[in-house]
Amino acid sequence: MINKMNKQMGLIVCALVVVMMVLAGCSNTNNNSDLSSGEDKTSAKTSPIETDGAEKSESEKTEGKSGTRKVSTVMGEVEVPVNPQRVIVNWYVGDVFTLGIKPVAINARADKAMPFYDQFEGIPITEKWESEEILRYEPDLIITFDPKDFENFSKLAPVIVAPEGDLSSSERLSFLGEATGHEAEAQKAISVFEEKLKNAKEKLSSGIFKDKTFSILQDWGRESYGVMYETGSRGGTLLYEYLGLKKPEKLEQLIKESEKGRDSLSYEVASQYFGDYVLWFLKEGYESEYANTVIWDSIPAVKNGNIIEIPGKYGGLFYYSDIASMTAQLDYIVDRLLELEKK
């Protein structure tokens, strides 16, 4: 009887042990399952955020490279690529280079003395500024100074027109920077120029230069244009608009009456338009006839040694009036003027 009871108790104990083991196993399974689910939930909560973040970042990145934006121009609103890749430009090549854009073609002059001359490499210069020629380069944006180009070329690609005279050189660079998505590059170049300009004004507003007048002249020969005066090209934009230097009174009067910022002067009257200081541009391979006349030595600026001769090889430096060109012109002119101050 006792043995039978012992056997029954043993079976009960064994059964209890089995049940406990089963329960323990279930409990471990549930715990493991919960831990696994916890990791999945954490992942489920964080992954979409990371993915969304990555997707958003990629989306923003894509939006920065594709799509279009509307630009307000003198010709009205123009829809242009957010990040134009095939730009063709007429005249404002210095601005485009400064913005870090490499055009597919240009209609402009290239010269070794230009501060951005090395950037012309590999870029075709169009022989004709016509639809068929432009279409060859499949542009996605055309930049020009001429309002007529808007009507002529708008069917080929979006056209941004920035007429000369409507904007200052710094305003134009800023405008083109915004239009092409290169605001930072534009602002950086403008800041460098403005800092140099500030320093130059301080140097030229005192000492021997205070209240002096400045002329920009070039001898083209008696039988040609005589002596040409300049107020825009040949550094005129920099001297008069940005540095604020004064023209001779007689020259100011002539410009006001003729409404010409550039014109010829006969050898007989040219001396009357020489300022206290003169930027005297020379042509390569040409000896000035005017400098060999009897009038030349009687001119006060000549007698005082205030003629800054600019050799023909530097003509390209003064060809454009964009910010990059004027920054280089500023260095050149200020250095030459300060050399006179040391004499």
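Strand S7 (residues 214–219) runs antiparallel to S8, and three bridges join them; two strands count as paired if DSSP finds at least two bridges between them. This is a predicted model, where local features need pLDDT of at least 70, side-chain atom pairs need 80 or more, and totals for chains, interfaces and linings use all residues. Numbering starts from 1 along each chain as its sequence is written, and side-chain values use heavy atoms, leaving out hydrogens and water.

Across from Val227 in S8 sits Asp219. S8 also pairs with strand S9 (residues 262–265), antiparallel again, over four bridges, and there Met228 has Ser264 as its bridge partner. Strands here are DSSP E runs of at least two residues, and helices H or I runs of at least four, numbered from the N terminus. In S8 (residues 227–230), Val227 and Tyr229 point one way, Met228 and Glu230 the other, and all are buried (under 20% relative accessible area, 1.4 Å probe, protein chains only).

Now for the pockets.

| Pocket | Space | Lining |
|---|---|---|
| Largest | About 420 Å³ | 21 residues |

A pocket is an open set of points on a 1 Å grid over the protein atoms alone, where a 1.4 Å probe fits, with protein on both sides within 12 Å along at least five of seven lines; lining residues have an atom within 4 Å of a point. Volume is the space filled by probe spheres set on the points, which are joined across faces, edges and corners.

Glu164, Ser169, Arg172, Thr237 and Ser321 lie nearest the centre of the largest pocket. H2 gives the largest share of that lining, three residues.

How values were computed: Buried means under 20% relative accessible area, exposed over 50%, partly exposed in between (1.4 Å probe, protein chains only).
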